[in-house]
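Here is a short report on one protein chain.

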Amino acid sequence: MELMRSADLYGVNYDTGEEGFNLAAVMLLGKDEVISRIASAYRTDVIVRRENLDRYDDRLIVTTNLIEAQAQISEFAKRYLPDRFMLEGDQTVSPRDIIIRELVSNLIIHREFVSPYPAKFLILNDGIHTENASKAIFQGQLAITSFKPVSKNPFIAKFFRNIGLADELGSGMRNLYKYSKPYSGKDPMLDDGDVFEAFVPVRWVEGNLPQDGMTAHEETGHDPNEQGNNPDETVNKTDAWVNNDPDNPNIDPNDPNNDLETVDDFATREYMLLRLIHENPAITYRQAAAILKISESTVKRTFRALRNAKFIERQGSSRRGSWCILPPSKHVE
């Protein structure tokens, strides 16, 4: 009870003098049947609609307490959104995971729970959309330069901060703007009103939806055009295009008839490989090729490109050594 009191989840109703748990306590920790009696309209629809536009590709309806709801929605979203890799100093981070965390936390923390309007987390072809009923303090599109955050459910927000699922007030919007650019190349859009709407663009990789039990993370590394029959394959015209070789007159990246991989495909493979190196610095060409489902020759080309750009370096012998990810200051522009 001391814990519940210190979290402002149990207190006194000064109008009636009665003590008890408040709505925040029920929504955060209550059982499903209790939540359904107190907030009968509460639910979150999580929908993937990218191929079956008339209905949906997959759907999750969440009616459980907010702690479990945060985990369920986040895990569902990670299955369908491509993961990308970036360096912050000498640390690897996933913009996708940070964006999902901020969108889900906002959807849960700052909603009006007694409203009949269901909250939505939509994964569409243009990106991620969220909608939730709100106590409108400001009407219109929010700008990062003039935004003044106000906590709409302070007890819930405080609890989420204390358990590490949210940061200080206003940090969510700053993180969305910070990580949306490297994730999709575009800024997010946030609109406040009786319904709060957030939109974060997604730059999809070829292959799009996960199939046959593969996650989007695994599918991103798969190259359906990869041949992989010649282990001694030398640099081909794809390498020359990606590396912007001005001396190769046979390559026209604007020619719709060529079958070159796109820069996005190549960059995604680099991100995936850097992540594998971060997890296992001693990873071999063969191990990386098996995980990424591409040929060893393609893996070797990607290693070479990362090494030439000073993203990685080899430490020790070729047989017993390991790879080291270099800090951004050493990268070749």
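A residue counts as buried when its relative accessible area is under 20%. Ser134 has a relative accessibility of 9%, so Ser134 is buried. The model is predicted. In this model, Ser134 sits in the loop between strand E8 (127-133) and strand E9 (140-141). Leaving out residues up to four places away in sequence, Ser134 touches His110, Glu112, Lys152, Asp192, Gly193, Asp194 and Phe196.

**Chain and confidence**

The protein chain has 333 residues, and 44% of them are buried. It holds 12 helices and 13 strands. Take the contacts between residues at least 6 apart in sequence: 56% of them join residues at least 24 apart.

The average pLDDT of the chain is 78, and 77% of the residues score at least 70. Over residues 206-263 the pLDDT is below 50. That stretch still has 74 contacts in the model beyond near neighbours in sequence. Where pLDDT is low, predicted coordinates should not be read in detail.

**Nonpolar cores**

The largest nonpolar core has 54 residues. Within this core, Leu66, Leu81 and Phe121 touch the most other members.

Which residues does Leu66 touch, not counting residues up to four places away in sequence? They are Met27, Leu28, Tyr42, Ile108, Phe113, Ile156 and Phe160.

Another core lies apart from the largest one. This other core has 17 residues, among them Leu276, Ala288, Phe303 and Trp323.

**Packing of H11 and H12**

Two packed helices are described by the angle between their axes and the distance between the axes. Helix H11 (residues 285-292) and helix H12 (residues 296-308) pack at about 110°, and their axes are 9 Å apart. Angles of 65 to 115 degrees count as roughly perpendicular. H11 and H12 are therefore roughly perpendicular to each other.

On the H11 side, the contact involves Tyr285, Arg286, Ala288 and Ala289. On the H12 side, Glu296, Val299, Lys300 and Phe303 take part. By class, this contact has five nonpolar, no polar and three charged residues. Ala288 of H11 and Phe303 of H12 meet here, and both Ala288 and Phe303 are among the members of the 17-residue core.

Terms used: Residues are numbered from 1 along each chain as its sequence is written. This is a predicted model: local features need pLDDT of at least 70, side-chain atom pairs count only at pLDDT 80 or more; totals for chains, interfaces and linings use all residues. Side-chain values use heavy atoms; hydrogens and water are left out. Axes are lines fitted to C-alpha atoms, for helices over the stretch in contact, and angles run from 0 to 180 degrees between N-to-C directions. Helices (H or I, at least four residues) and strands (E, at least two) are DSSP runs, numbered from the N terminus. Angles under 35 degrees count as roughly parallel, over 145 as roughly antiparallel, 65 to 115 as roughly perpendicular and the rest as oblique. Contact means heavy atoms within 4.5 Å. Ala, Val, Leu, Ile, Met, Phe, Trp, Tyr, Cys and Pro count as nonpolar, Asp, Glu, Lys and Arg as charged, and the others, Gly among them, as polar. A nonpolar core is a set of buried Ala, Val, Leu, Ile, Met, Phe, Trp, Tyr and Cys residues joined through side-chain atoms within 4.5 Å. Buried means under 20% relative accessible area, exposed over 50%, partly exposed in between (1.4 Å probe, protein chains only). pLDDT is the predictor's confidence in each residue, from 0 to 100.
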